Amino acid sequence: MNELFYFLKRLYILSGKILYLNIVGMVLIGIFEGVGIFLLIPLIGLTGIVDVGYDYSSIFWLYSNFKEMPQTLGLIIVLGAYAFLIIAQSYFQRNQSILNAKIQQNFIRHLREETYNSILKANWGFFLKKKKTDLLNLMSLELNRVAGGTTLFLQFISSLIFTFIQLCLAFWLSASMTISLIILGSLLLIFSKTFVKKSKEFGEDTMLLSKEFIGGVTDHFNGIKEIKSNSLEENHINWFHNISGEIEKNILNIVRLKTLSQFVYKIVSALLIVTFVFVAIKVLKTQPAQLMLIIVIFSRLWPRLAGIQSNLEQLSSVLPSFKSFQDLQAECQIAKELEEENYKKIEPISILRGIECKHVSFKYQTQSNYALKKINLYVPTNCMTAIVGPSGAGKSTLIDMIMGLNIPEEGQVLIDGNPLLKDNLLSLRKSISYVPQDPFLFNTSIRENMMIVNPQATEAQMWESLEFAAADFVKNLPKGLDTKIGDRGIRLSGGERQRIVLARAILRNPAVLVLDEATSSLDTENEAKVQQALEQLKGKMTIIVIAHRLSTIRNAEQVIVLEEGRIVQQGNFNELAMDKKNVFGKLLGKQLEVMG
Ligand SMILES: Nc1ncnc2c1ncn2[C@@H]1O[C@H](COP(=O)(O)OP(=O)(O)OP(=O)(O)O)[C@@H](O)[C@H]1O
């Protein structure tokens, strides 16, 4: 129940006054409904049309006045009063529904924004641990379940208030009968405990299944090319068939449980009512009018109690979703890169001398071996530094370390001699443009993709960057900069995508340009063009390049050679190339062999 109280607290903080207003509305509706029901029988009785066989003077002060009135007038007044109560109740009910929706939507919007913000503001370590599709599932399906849970929760409060008011009125009419009713109601709620527990278990299953479903389907659609080209459709269709079956089974289990609890609940209530009526007539010698009241009390209160019990079950099945939000928020809090108020003040850092790694070691949480071991490295400002080495040597890990994504386990990263800490981490990233091997483009126009990094960029600046990145093919597209490029830029070739992302990186005019295999998909001609462009940047920008194709780094002022997480060589391209026996010489030798 912890998570429920946590969300109740959040609901209270976020809704404030509106929640009080809603509760007042609930109380009013409860009173109108209660009064309406309890007045109906005695009021009709006092008009004399029906003999209820009971004198209500003791409880209804109006009774004696009405007795003197002509029957028709009395009836009109009584029915008018009843109609007024119904109208007032419906009016408040409508407003309360709107208030409920406002509270629910406000809460969900905050929860959605708050979770999204805290996810985006978490550090890189958080994303290395998390499955993206789990986050997607949480932000879509689970959020909807939490939204449903908030509605249930408000309904639950409303049922409790209604029950309380009805019980007060019933108590006023007959204390002994109401006490017996409360005892019976409590017995029923205790008996519902097993159902509530089982509902929670099914709720957990629902959450796991939807996680698996979203994860699987997203993976399949992301890898659709591999699926189609390797004829893997059958495997995936089978997987989908199985998970759909499990989802169906889970839903049916929930419905079975819900209907079973309702079924048992109704039978037990009927038996209790029968016993209660028997005891009321035979033991307590209750009068017929009071018996009528008992039936009214039962008929109104029992469905509400059944509602509370079913609300409890449904709420329990949503609790796992509440809990996963609570856990995620706690995880994000731990992984937070910077305090909220400092986010707005981030300015790009100016690096005057260079970035240094001093005795840096790093290990991924899931690995037993160190990905980087005792790295000592200096990246001078406005020079080109290349990082080379065999696959898995730790090149990308090192770049992620320099960008402040990976935090060293030992050693330090220094910017102009100052340690890279939480305070200057985001400022450093503001001055970096990073181009990965598999560049990411948004499903929109080239123009919008470029403006994401620099919303103030002029058309001329955009063309200049595109030209710089040898992406002048954009000129020949029928819609030029306004060409829509599809999901992740699917309507462009790999090389075209790389050039646009490179142009985008340049448009940001960064102090540091990081290229991780950023020209691997380019043909020789375009690669040469990019080489020339990078050459122009030398002396104006710090460039860090990872490249398997060693021709790309021919002009680098410094080459760092990594092997199994260690720097094994360091120096200028030509110097390193001379020694044919070392790692760099061998890498170069192999590439020349392949090229013939
Ligand atoms: N997210 C991760 N979680 C766990 N281990 C990782 C992760 N990323 C990389 N590694 C491991 O760290 C080591 C270095 O990987 P890294 O990607 O830095 O190598 P690389 O030199 O860039 O390789 P490549 O040239 O193939 O891209 C490898 O052993 C790899 O398996």
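In helix H7 (residues 175-191), the residues Met177, Thr178, Leu181 and Gly185 are buried, where a buried residue has 20 or more other C-beta atoms within 10 Å of its own, an exposed one has 12 or fewer, a partly exposed one lies in between, and C-beta atoms are placed from the backbone. Seen down the axis of H7, these buried residues fall within an arc of 95°, so they line one face of the helix; the arc is that of the directions from the helix axis to the C-beta atoms. An α-helix has 3.6 residues a turn, so residues three or four places apart point the same way. On the other side of H7, exposed residues include Ala175, Ile183 and Ile190.

The model is a predicted one, in which local features need pLDDT of at least 70 and side-chain atom pairs count only at pLDDT 80 or more, while totals for chains, interfaces and linings use all residues. Residues are numbered from 1 along each chain as its sequence is written.

Helices (H or I, at least four residues) and strands (E, at least two) are DSSP runs, numbered from the N terminus. The 17 residues of H7 should span 24 Å at 1.5 Å a residue, which agrees with the 25 Å between its end C-alpha atoms; the expected span is 1.5 Å times one less than the number of residues.

The UniProt record, an unreviewed entry, annotates residues 355-589 as "domain: ABC transporter"; UniProt positions follow the numbering used here, feature names are shortened, and annotations may be inferred rather than shown by experiment. Over residues 355-589 the chain is 31% helix and 24% strand.

An open sheet of 4 strands runs in the order S2-S1-S4-S5 with antiparallel pairing, two strands being paired if DSSP finds at least two bridges between them. Strands S2 (372-380) and S5 (418-419) stand at the edges, each with a single partner strand, so one side of each has no neighbour in the sheet. Strand S1 (residues 354-362) is joined to S2 by 6 bridges, and Glu356 has Tyr378 in S2 as its bridge partner.

Strand S6 (residues 432-435) pairs with strand S7 (residues 512-516) in the parallel sense over 4 bridges, and Val435 stands opposite Leu515 in S7. Ile432 and Tyr434 point one way from S6, Ser433 and Val435 the other way, and all are buried.

Of the 13 residues around the ligand, Tyr364, Ser391, Lys395, Ser396 and Thr397 come nearest; a residue is near a molecule or strand if its C-beta atom, placed from the backbone, lies within 6 Å of it. Helix H12 (residues 395-402) supplies the largest share of this shell, 3 residues.
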